[in-house]
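I opened the notebook to record what I looked up in this model.

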Amino acid sequence: MAERSFAREVEDLRLGDGDTFRGEGILAITKALLQSGVAYVGGYQGSPISHLMDVLADAKDVLDDLGVVFQSSANEAAAAAMLSASVMYPLRGAVAWKSTVGTNVASDALANLASGGVTGGTMVIVGEDYGEGSSIMQERTHAFAMKSQMWLLDPRPDHECIVNLIEKGFELSEVSNTPVMLEVRVRACHMHGSFACKDNVKPAHTIKDALNNPKRDVGRIVLPPAAYEHEQEKIKTRLPAAIGFIRDNKLNEWMGPQQGKVGIIMQGGMYNNVIRALQYLGLSDAYGNTQIPLYIMNVTYPVIDAEVAEFCLDKDAVLIVEEGQPEYLEQAINTVLRRKDIQARVHGKDVLPMGGDYTAQVLLGGVREFLEKTEPRLLGNRPPAPDAAPVLNHPAIEKLKQVVPARPPGLCTGCPERPIFAAMKLVEEELGQHHVSADIGCHLFSILPPFNIGATTMGFGLGPASTSAFNVKADKRSIAVMGDGGFWHNGLTSGIGNAVFNKHDGVFVIVDNYYTSATGGQDILSSRAANKRRKTNNSIVQAVKGIGGQWVRQIDRTYDVGRMRDTLKEALTTKDEGPKVIVASSECMLNKQRRVKPQINKAIKDGVRTVKERFGVDEDVCTGDHACIRLSGCPSLSVKQLDDPLRDDPVAAIDNSCVGCGNCGEVAEAAVLCPSFYRADVIHNPSRWDKFKSKVAMSVIGWLQRRRDRQRPPLEALA
Amino acid sequence: MRDETVRLALPAAGDATERPISIAIVAMGGQGGGVLTDWIVQLAENHGWVAQSTSVPGVAQRTGATIYYIEAMPPAGGRKPILSLMPTPGDVDVVMAAEFIEAGRSILRGLVTPERTTLIASNHRSFAIGEKIVPGNGIADKGAVTGAIGVAAKTEIIFDLNALAIAHGSVISAAMFGALAAAGVLPFSRESYLDVIRAGEKGAKASIRTFEAAFDRVQAGPSDVAAPAQPAETDARSSPTPADPQLAALVARLTQELPGPVQAMARAGLRKVVDFQDVAYGAEYLDILGTVCTADRNSGGTERGYAFTQAAAKHLANAMSYDDVIRVADLKTRSSRRTRIERELELSQDQVLQTTEFMHPRMEEVMGMLPASFGRWLGTRPRLLGWLDRRVNRGRRVRTYSLPWFLALYVVGGLRGMRRRSLRHAVETAHRDRWLKQAIDAVGINYQLGVEILQCRRLVKGYSDTHSRGLSKFDRTLATIKLVERRDDAADWARRLREAALKDGPGKELDGVIQTIKSFA
């Protein structure tokens, strides 16, 4: 079950001729695939393309009606390999993932696919996670497209344009026998917009047809001598075919006046912000009526030499707006102009920053500098552009800079991974610091305060493998952390199998929260929910043992901090050889709450006896040291300032978002912290026995309390 | 640009054309920023406008700071406007902040500027992890945000939108939507906002109530009744006299013996120590405070507002009411405690409450309760002690309101009669006296240093391991102060030591300052 239900969005997939789609960009892309007659779709979740996977997972009926096969692939390599269905058969297929990380994983299959070429149209949708808010290394997918020769589409951030380019992209792929990549940036994926729908198209040739009529052609397989022929084919046949199609169908756009001494060449994705920058300079209106000629590359690879030459021919200078580094387009365009001896000067990374988001503000600066250098008359009397600098330099704001704390992401309220790291922290206090390799997933938040655990992260599922060098006898052992998502993605073989085979003496903690939680709570092999369309409930422990793991411990309630700590200590100190694998399992609290909350509310409403738990802090027992917070970081465990002149420091406080996971109590107990935490159990619809027991106990307790209250000196008057 | 470029007085190349209305919502993941964004988009679309929203959920959805951005504008002659995907500093019409520090962050990002921006912000706080983990007080200064808003915003609408939403049974997004409607920045009627909420099925009623309350609150402006000012100094003479004659005598003594400025603090301190032990203990508190006050007077404290006695009144009370097992058991069994929990949980008649305490007593705590001589004897028998500790030292889940456990706690809570003879009391008293002596010795030579030494008491807190760590920081700080006590800037160093000790748990910062001092002292 994914983090949210996409039942309503699934309805949008049914829209047809005459309807208008309104919604998120990534869902518009999903709809466009169905309009293009795809026969199969696969992929691996991850921001910003998770919603594409989620909505298709919920859209069984729609897909069945169309005869479309959908798979949640094991990883991006598996998804890319799935595209091989289009090598011999005229099947259109699409896969999607987060890039560049997913493309890294998929590269082996992609390179093979691109070498042999395709018969049916194939498209890789990459969510380009670049710039502010990104969770990965800052790289460009562009390089992958160039090295394997796959065409790279980079549409303007406009639903209409994106949808059109997907439909055209499949044709391009077929015409040129080449896989196509469609690159969409994070904001474009989450952008709300609209487009006029078309009916969905049933695939002309289905997967079933292909299975029943198998074909083979050894010339499509990457082995000498075919591999050399593929290279020649790429150069002599496929590239010219693609260039012809792109020109004939005007995939790249020309906007603004025909004539002009200067012009701007840009990636399609940069268009909106370029227009805004031009608007600030008085060179465009809000509707894109620009006074400067624009050449918009909705296809950024291949560069269409003839179009570039034509655009630059009568110009003194052009500006290339290309986000990220290296400046592949700028280099390519320079080559085109030199070869054709066109004298237009090329500006780009000289006036724009080499790296980072090209925001409207950044582009404003770059375009202005470009025009100052080349055609200052266009800038007119230089109307004032928006500028926050005067405010930001004000002393009151300078002072604010010292005050505003960072707000890094962290584990959710009640997260089952928190007690694992609390236990690791306790072990650290006892046995000293260890080398810890982290992995990709929610558990990576352990590297941030309050835990500060984890030295490196080398990629999804590669936490264990990244300790493999530390395979020597020493006073301390290496620790690797990996999630269940990473485990099934590749960690079983690259991490555990590798450690078993090489007799690595390290400790391997597998964090099992029943879903790939960080990407939105999708099901995986070891998910414990019943899933009609997938086979879940496959045990991680069995898999580890199956691959040869001997020392394996299953902890089925991560909140048992004491046990977690003792197991970790045992793993770090035992004389047993080979990898020490700890599988720590508890359900992702975000998913659990979504599942359980309605059930509990219904039970209470129906009069069923229900116990609701939450934690609290006795503020007069708490001394305000916050050691508990340093071992937790739970959003619901905060501090509050008391109205007591004798107390300088705020005390711990738990707000009503607490889900009663138990971590606070367990940590206080295991770390011997302080007795200020309590768990309050409220019995809704108590049984008669509950009521009777409570009544008897409370009448005695009440009497005792009144007795002692009477003995106490009356202090109210001193308040 | 080349130097010889001639700047001509040319007219603007084109009209500075109309730009879309831009709205940035700054929030933390999980605050409902997405819902608010969808509402605003729907509102604009209902009026035939083109609206575009973007967000970067990514990892920020897990409680990190995040931003949603909306642009909207009517189409012209069938042409759709080209809308930007992120806010441009200096060009944002409305910034809505779902938390006060996030409002500050939006100002630092340049999103709030005086020519353009209406800032709608909730002034409640949700503390960041960095503010919470400090062993002392790490809470950011709200005043800095207030000051910056005054400079940066064109119009400001600031109040506790979160509290208003909770009071009306909804979440902050509904309150913010109401505030946006009332701000009048968008040319849409109040009714059209409500239509958007009504179209959503879930929780529409509570959302509408909240929307309306926020709308009215903004229209009415800040309430005229200012928050009741903190009573600057309670005048002890006008305060009521306790009915208990012994206690009344103590209060009378306090009023006669202590100077006016310190009486309010001394009353609070007296209350605390009497509550901790008994009236006689209160008398001991006043005795010590009297000695301190004499030293204060002799050191010119009269001109300094008796800062030394003031600090002592506070920290001595804390030192005397140390955290022991008896105190914890007493607090946990009080009727007022149960009442407070019931109130916090909004417990109704037909519900049953039980609480579980997480206690982890060690032999140290048990030893502390024993008579001092017996406890010391036990301390010399490590093997016996270890054997006993293995029996005592483990986590115990205490069901507070089950009879057996309650009785156990009740009995321990009633052991205060034994307390003054206990080992823990002897240790605490000796430690306290050394601290006071060092402070009194210092105050005669360097008044401010004396005050600083008293304030170091703040470092001692917590239980078990936390307590030992705090105590060790305290001891190291006082020992280091001794190294510099003859210097003119000793008070300054004492303050730096204390502040460093309160910065992090393990005391790395403190070690740093100690190293610095040792390098020259």
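**Helix α3 of chain A**

I started with helix α3 of chain A, residues 50–57, in this predicted model. Eight of its eight residues are buried, so the helix is largely enclosed by the rest of the structure. I listed the buried ones: S50(A), H51(A), L52(A), M53(A), D54(A), V55(A), L56(A) and A57(A).

**Helix α13 of chain A**

Next I looked up helix α13 of chain A, residues 271–280. Ten of its ten residues are buried, and I noted the helix as mostly covered. Among the buried residues are N272(A), N273(A), R276(A) and Q279(A), along with V274(A), I275(A) and L278(A). What lies over them? The cover includes the chain A strands β10 (262–267), β11 (294–297) and β13 (317–321), and helix α16 (360–374). After α13(A) comes G282(A), with a positive phi near 75 degrees.

**The sheet in chain A**

I then traced an open sheet of seven strands in chain A. I wrote the order down as β3-β2-β4-β5-β7-β6-β12, with mixed pairing. Which strands are at the edges? They are β3 (69–70) and β12 (299–301) of chain A, and each pairs on one side only.

Strand β2 (residues 40–43) of chain A runs parallel to strand β4 (residues 93–99) of chain A, with four bridges between them. Y40(A) has G93(A) as its bridge partner in β4(A). As background, strands of a sheet pair through backbone hydrogen bonds, either parallel or antiparallel.

**A proline in a loop**

I looked up P579(A) next. Where is P579(A) placed? The residue sits in the loop between α22 (561–573) and β20 (580–585) of chain A. Is P579(A) buried or exposed? P579(A) has 31 C-beta neighbours inside 10 Å, and the cut-off for buried is 20 or more, so this proline counts as buried.

I also listed its contacts, leaving out residues up to four places away in sequence. P579(A) touches I496(A), A499(A), V500(A), H504(A), G506(A), F508(A), G549(A) and W551(A). For W551(A) I noted the spacing too: 28 residues along the chain from P579(A), with 6.8 Å between the C-alpha atoms.

**Chain B overall**

I moved to chain B and counted 24 helices and eight strands. Its radius of gyration is 31 Å, well over the 24 Å that the globule rule gives for 521 residues, so chain B is more spread out than a compact globule. The C-alpha atoms fill a box of roughly 95 × 75 × 55 Å along the principal axes. Of the 521 residues, 48% are buried. I also checked contacts in chain B with a separation of 6 or more: 69% of them join residues 24 or more positions apart.

UniProt, in an unreviewed entry, places the feature "domain: DUF6537" at residues 263–478 of chain B. I looked at that span in the model. Residues 263–478 of chain B are 72% helix and 6% strand, and the end C-alpha atoms lie 27 Å apart.

**Strand β1 of chain B**

Strand β1 of chain B, residues 21–28, has seven of its eight residues buried. I found two pairings for β1(B). With strand β3 (residues 65–73) of chain B the sense is antiparallel, over eight bridges. With strand β4 (residues 94–97) of chain B the sense is parallel, over four bridges. V26(B) has I67(B) as bridge partner in β3(B), and stands opposite A97(B) in β4(B).

**The largest nonpolar core**

The largest nonpolar core has 350 residues. V509(A), I510(A) and M176(B) touch the most other members. Helix α6 (residues 172–183) of chain B gives the most to this core, with nine residues. I followed M176(B) further. Beyond its neighbours within four places in sequence, M176(B) contacts L36(B), M96(B), A98(B), I120(B) and L161(B).

**Where the chains meet**

My last entry is the interface. In chain A, 115 residues are in contact with 128 residues of chain B. Helix α26 (residues 688–711) of chain A supplies the largest share of the chain A side, ten residues. I sorted that side into 62 nonpolar, 30 polar and 23 charged residues.

Strand β24 (residues 677–684) of chain A and strand β7 (residues 352–359) of chain B are antiparallel over six bridges. There, R679(A) has T356(B) as its bridge partner.

Conventions
Residues numbered from 1 in each chain as written. Chains lettered and ligands numbered in written order. Predicted model: local features only at pLDDT ≥ 70, side-chain atom pairs only at ≥ 80, totals over all residues. Buried ≥ 20, exposed ≤ 12 C-beta atoms within 10 Å, placed from the backbone. Contact = placed C-beta atoms within 7 Å. Nonpolar A, V, L, I, M, F, W, Y, C, P; charged D, E, K, R; others polar. Pairing = 2+ DSSP bridges. UniProt positions renumbered as here; feature names shortened; annotations may be inferred. Rg over C-alpha atoms; globule rule 2.2 N^0.38 Å. Core = buried A, V, L, I, M, F, W, Y, C linked by C-beta atoms within 7 Å.
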